[in-house]
Amino acid sequence: PVQSDGIYKKDQIYTVRIRTVNVQLAQYFSEKLVNHFNQQIKGLTLEMRVIPKKFLSQLYTITPAVIKYCGSTADGESGGYWKTRISFEQYEERLKVNLIKKYNVAMNTSIDEDFDLYQQIELTNRKPIAIPYKGIRLLGDKLKIQVADNAMAQELAYFAIGVGLCELNARGLGFVNYRYL
């Protein structure tokens, strides 16, 4: 549980959840985290669960997905929220390209990008969601994606469960959950 003041207290029990596509990292945690302790933390138990690889019908974000737009506008202004800079089609393309790049790096492969990743994508928030980051506030969106029924889309959707969508996933953004068919 998150403390109401955002500060974790001494002598309290907390749960840490890590999703990963890296089998070696999961095995490392399962071997080293249980009963590990130092002055800051003590690992008590570990529960490891592998998400079954079934046909996914939907992905939806739990934390906002962020795309950092680095281009500039006609008046020379750089950065900012994607809706003021690019079209929704360009946003969809960036989402897909970003996920494919992560997959290619993790799996040490190069997949063909000519396939449908989803049948439908929907922004579920009415206005952008602000996320504090390095003294500024990034704007993100919550997404609901109906996954396409081709093999590559299913593979990437399963991969996204472990790595997240869009950018800044290491900071907890773009964390997704799923629904089976």
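Guide: Before we start, a residue counts as buried when its relative accessible area is under 20%. And keep in mind that this is a predicted model.

Visitor: Okay, then is Q154 buried or exposed?

Guide: Q154 has a relative accessible area of 12%, so it is buried.

Visitor: Where is Q154 found?

Guide: Q154 sits in helix α3.

Visitor: And what is Q154 in contact with, leaving aside its neighbours within four places in sequence?

Guide: With those set aside, Q154 contacts K54, F55 and L56, and also V147, A148 and D149.

Visitor: Let's talk helices. At what angle do α2 and α3 pack?

Guide: Helix α2 covers residues 88-107 and helix α3 covers residues 151-163; they pack at about 80°, and their axes are 10 Å apart. Angles of 65 to 115 degrees count as roughly perpendicular, so α2 and α3 are roughly perpendicular to each other.

Visitor: Which residues make that contact?

Guide: From α2 you have L99, I100, K102, Y103, A106 and M107, and α3 brings M152, E155, L156, F159, A160 and V163. By class, the contact of α2 with α3 has 10 nonpolar residues, two charged ones and no polar ones.

Visitor: How far apart are the end C-alpha atoms of α2?

Guide: They are 29 Å apart; at 1.5 Å a residue, the 20 residues of α2 should span 28 Å, so the two values agree.

Visitor: What comes just after α2?

Guide: N108 does, and N108 takes a positive phi of about 50°.

Visitor: New topic, the sheet. In what order do the strands run?

Guide: The open sheet is formed by four strands in the order β2-β5-β1-β6, with antiparallel pairing. Its edge strands are β2 and β6 (176-180), and each of these pairs on one side only. The twist averages 15° from one strand to the next.

Visitor: How many bridges are there between β2 and β5?

Guide: Those two strands pair over five bridges, in the antiparallel sense. As an example, Q120 has Q146 in β5 as its bridge partner.

Visitor: Which strands do the helices touch?

Guide: Helix α2 packs on the sheet, touching β2 and β5, and its direction makes about 115° with that of β2. Helix α3 also packs on the sheet, touching β1 (56-61), β5 and β6, and its direction makes about 35° with that of β1.

Note on methods: Residues are numbered from 1 along each chain as its sequence is written. This is a predicted model: local features need pLDDT of at least 70, side-chain atom pairs count only at pLDDT 80 or more; totals for chains, interfaces and linings use all residues. Side-chain values use heavy atoms; hydrogens and water are left out. Axes are lines fitted to C-alpha atoms, for helices over the stretch in contact, and angles run from 0 to 180 degrees between N-to-C directions. Angles under 35 degrees count as roughly parallel, over 145 as roughly antiparallel, 65 to 115 as roughly perpendicular and the rest as oblique. Contact means heavy atoms within 4.5 Å. Ala, Val, Leu, Ile, Met, Phe, Trp, Tyr, Cys and Pro count as nonpolar, Asp, Glu, Lys and Arg as charged, and the others, Gly among them, as polar. The expected span of a helix is 1.5 Å times one less than its number of residues. Buried means under 20% relative accessible area, exposed over 50%, partly exposed in between (1.4 Å probe, protein chains only). Two strands pair if DSSP finds at least two bridges between them.
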